[in-house]
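Subject: Structure for your records

Hello,

Here is the structure I said I would pass on. My notes on it follow below.

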Amino acid sequence: LLLLVELFCLGGLMYDGFMDTCDGVFSARDREKMLEIMKDSHVGANAVLGLAVLLIFKTALYVSLDGRFLTFALLLAFTVTRSLMVVYIVGYPYPRANGIGKMFKEYSQKWYMVVALLFSCVLSLYLGWLYCYAFLITLVLANIITKFLQNKLGGLTGDTYGFLTETGFVIYLLGVCFLNKFLS
């Protein structure tokens, strides 16, 4: 039900970016071909496999999270990953001459990053140390994945924003699950 609620409330834009990135980046092609594959509206095998793994991870995490932490974990997972998306847009180059992501990049300002990260930090601190640690884990691992994508593609695209948001969501929930087991 949580997956359905997410889909109905938020739509499939992040999933589309996740799938397009899986198709392009894991195609073992050169940079230009990867970007071309990501622009293509057709869905390939890597996208289907990636989405299946993502949904299995999300389902397993929803079931694994203790009910006392689930509500706040979901609230913060959405908040943190959307705050990090501001960092991706503002802080990393855009590799294409045009596209929806370029529009976001052109009209962004550095202080947006500060506000977004500060909001996530304050909310995490307010809700407890468990969420602060999960935020830090997500920040570090998302940065590693972001650098990988930047090296592969020459920057970040709108599709990679969706990919990073979805993977960050899973990383955050994994962090909460892991920390909950070992800190309690």
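**Surface and overall build**

The protein chain exposes about 9900 Å², and carbon and sulfur atoms supply 71% of that area. Please keep in mind that this is a predicted model.

The protein chain has 9 helices and 0 strands. From the N terminus on, its elements run α-α-α-α-α-α-α-α-α. The radius of gyration is 16 Å, close to the 16 Å that the globule rule gives for 184 residues, so the chain is as compact as a globular protein of that length. Along the principal axes, the C-alpha atoms fill a box of roughly 50 × 35 × 30 Å.

Of the 184 residues, 46% count as buried. Among contacts in the protein chain with a separation of 6 or more, 74% are between residues 24 or more positions apart.

**Helix α8**

Helix α8 covers residues 129-153. At 1.5 Å a residue, its 25 residues should span 36 Å; the C-alpha atoms at its ends are 35 Å apart, which agrees. Just after α8, G154 takes a positive phi of about 85°.

The buried residues of α8 are L130, Y131, C132, A134, F135, T138, A142, T146, L149, Q150 and L153.

**Two residues to look at**

T138 is placed in helix α8. Its relative accessibility is 0%, so T138 counts as buried, the cut-off being under 20%. Leaving aside neighbours within four places in sequence, T138 is in contact with V80, L84, G168, I171 and Y172.

E6 lies in helix α1, which takes in residues 2-10. Which side of the buried cut-off does E6 fall on, given its relative accessibility? At 6% relative accessibility, E6 counts as buried. Again leaving aside neighbours within four places in sequence, the contacts of E6 are G11, Y15, K58, Y62, F78 and E166.

If you open the model, T138 with its contacts V80, L84, G168, I171 and Y172 is one place to start. E6 with its contacts, including K58 and E166, is another.

Regards

Notes:
Residues numbered from 1 in each chain as written. Predicted model: local features only at pLDDT ≥ 70, side-chain atom pairs only at ≥ 80, totals over all residues. Heavy atoms only, no water. Helix = DSSP H or I, 4+ residues; strand = E, 2+ residues; numbered from the N terminus. Rg over C-alpha atoms; globule rule 2.2 N^0.38 Å. Buried < 20%, exposed > 50% of the residue type's maximum accessible area, 1.4 Å probe, protein only. Contact = heavy atoms within 4.5 Å. Areas by Shrake-Rupley, 256 points an atom, 1.4 Å probe, with all protein chains shown as cover. Expected span 1.5 Å × (residues − 1).
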